[in-house]
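The entries below follow the order in which I looked.

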There are 2 protein chains.
Amino acid sequence: MTKIGVLLSGCGVFDGSEIHEAVLTLLSLDRAGVKIICMAPDMEQHHVINHLTQEITDEKRNALVESARIARGEIRDIKDVKSSDIDGLILPGGSGAAKNLSDFAFKGPDASVHPEVKRLLNEMVKSGKPVGAICIAPATLTRALSNINPEVTIGSDESTASAIEAMGGQHKVCEADMIHVDLKNKIVTTPAYMLAQGIKEVAEGIQKLVDKVVELAK
Amino acid sequence: MTKIGVLLSGCGVFDGSEIHEAVLTLLSLDRAGVKIICMAPDMEQHHVINHLTQEITDEKRNALVESARIARGEIRDIKDVKSSDIDGLILPGGSGAAKNLSDFAFKGPDASVHPEVKRLLNEMVKSGKPVGAICIAPATLTRALSNINPEVTIGSDESTASAIEAMGGQHKVCEADMIHVDLKNKIVTTPAYMLAQGIKEVAEGIQKLVDKVVELAK
């Protein structure tokens, strides 16, 4: 049975994984009949944002513990996951992908990637296994894999696109409900909420991304 | 444009809204082309559960603030929502629907319903507008509307079904990917994670529930 990892980064668009993108990834994977392995780094989130007021709070939350809300408790610490455990890996977006999995949200092209995230992404590429990245996650992916000059999309945002180019990536403009495929490196990306006007558009792009990652994983 | 309310109760299966059920409700509503109005009660959650370990923590969280994570910040306090603002209302499940919207999880048939939830549900029924309830939410709905003896399903769990009967409801056994429709009262219910083995089954039932609620709302 094909096993696809889903790398989460908390639970909420402003400080963790974008919840809609994460759930739609799980839905498309379940429909594809694959085994889903959710994971996240065991780390304190960069911050906790009140999603009603958008204010930064003084709370402390752990990205693995909060990600477990999306995964209904079925989740592993990324440090215990090797590329040999999975046939493909998908990173949903949300600010957590650029605040917890890396610090791209604060440092742009000078970002550092969480060491376990960088390790697993590099293992996947070296094993010839596909990686999907959604929304802002392609920025963190590019920083982790700058040595292979990946082709990715985050939609059409010029400032993010130029940061991706500065990190060695090749940015491709893409519609919200479409995907870009870097066939050489087996990297699949979709803009999702970087561009989408609503959840149904996000679902279209993620369905295509998941289908392509599963196809490349088999 | 048809307006459908979505009543949330936090963010997480064990202490708030079941995240998959809530997101799939939003997806089906967006695909139906209706305007979505998310809402939740402004109240401290009954408790906060660590979803990795399932332990009760000493944290305090607010159901409206946490629900805003699912709604991406676009959410209203239920006390400011009248039945005249919406054409239909849907309650996703998750423990929050029976711990925050009512205390059914602790008191069973003797449960009390949050006063604003009880008010809005009764207003909807009096206005002849449809209400959908998912997973465990039909128990809270039955307690709020025991005067109309609603027909509902929570799947096939005998203990919950008998509690529903004790509150004046009429429980109907139903498959995970199906709905039960009480046409007289315009109440639509689906078992979702009370019975489903995975997210794709949940998506099937919720798609049918949303389609029926939207049809009855027009």
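**Conventions.** I am working with a predicted model, in which local features need pLDDT of at least 70 and side-chain atom pairs count only at pLDDT 80 or more, while totals for chains, interfaces and linings use all residues. Residues are numbered from 1 along each chain as its sequence is written, chains are lettered from A and ligands numbered from 1 in the order in which they are written, and side-chain values use heavy atoms, with hydrogens and water left out.

I took helices (H or I, at least four residues) and strands (E, at least two) as DSSP runs numbered from the N terminus, and I counted two strands as paired if DSSP finds at least two bridges between them. Strand β1(A), residues 3-7, pairs with β2(A), residues 35-40, in the parallel sense over five bridges, and Lys3(A) stands opposite Lys35(A). With helix α1(A), residues 19-31, these strands make a right-handed β-α-β unit; right-handed here says that, with the strands pointing away from the viewer, the path from the first strand over the helix to the second runs clockwise. From β2(A) the chain crosses through helix α2(A), residues 63-70, to β3(A), and this crossover is right-handed. β2(A) and β3(A), residues 76-77, run parallel and are joined by two bridges, with Met39(A) opposite Arg76(A).

**Entry 2, β9 of chain A.** Strand β5(A), residues 131-134, pairs with β9(A) in the parallel sense over four bridges, and Ile134(A) has Thr190(A) as its bridge partner. Strand β8(A), residues 180-182, runs antiparallel to β9(A) with three bridges, and Val181(A) is the bridge partner of Val188(A). β8(A) and β9(A) form a hairpin with four residues between them, and Lys186(A) in the turn has a positive phi of about 55°.

What is the nearest side chain of opposite charge to Lys129(B)? I found Asp87(B), 4.6 Å away, and Lys129(B) is buried yet has no salt bridge (a side-chain nitrogen of Lys or Arg within 4 Å of a carboxyl oxygen of Asp or Glu). Its side chain reaches the backbone oxygen of Ser83(B) at 2.7 Å.

Definitions and conventions. Buried means under 20% relative accessible area, exposed over 50%, partly exposed in between (1.4 Å probe, protein chains only). Lys and Arg count as positive and Asp and Glu as negative; His and the chain ends are not counted. A polar contact is a pair of N or O atoms within 3.5 Å; within protein, one must be able to donate a hydrogen and the other to accept it, and residues adjacent in sequence count only if both atoms are side-chain atoms.
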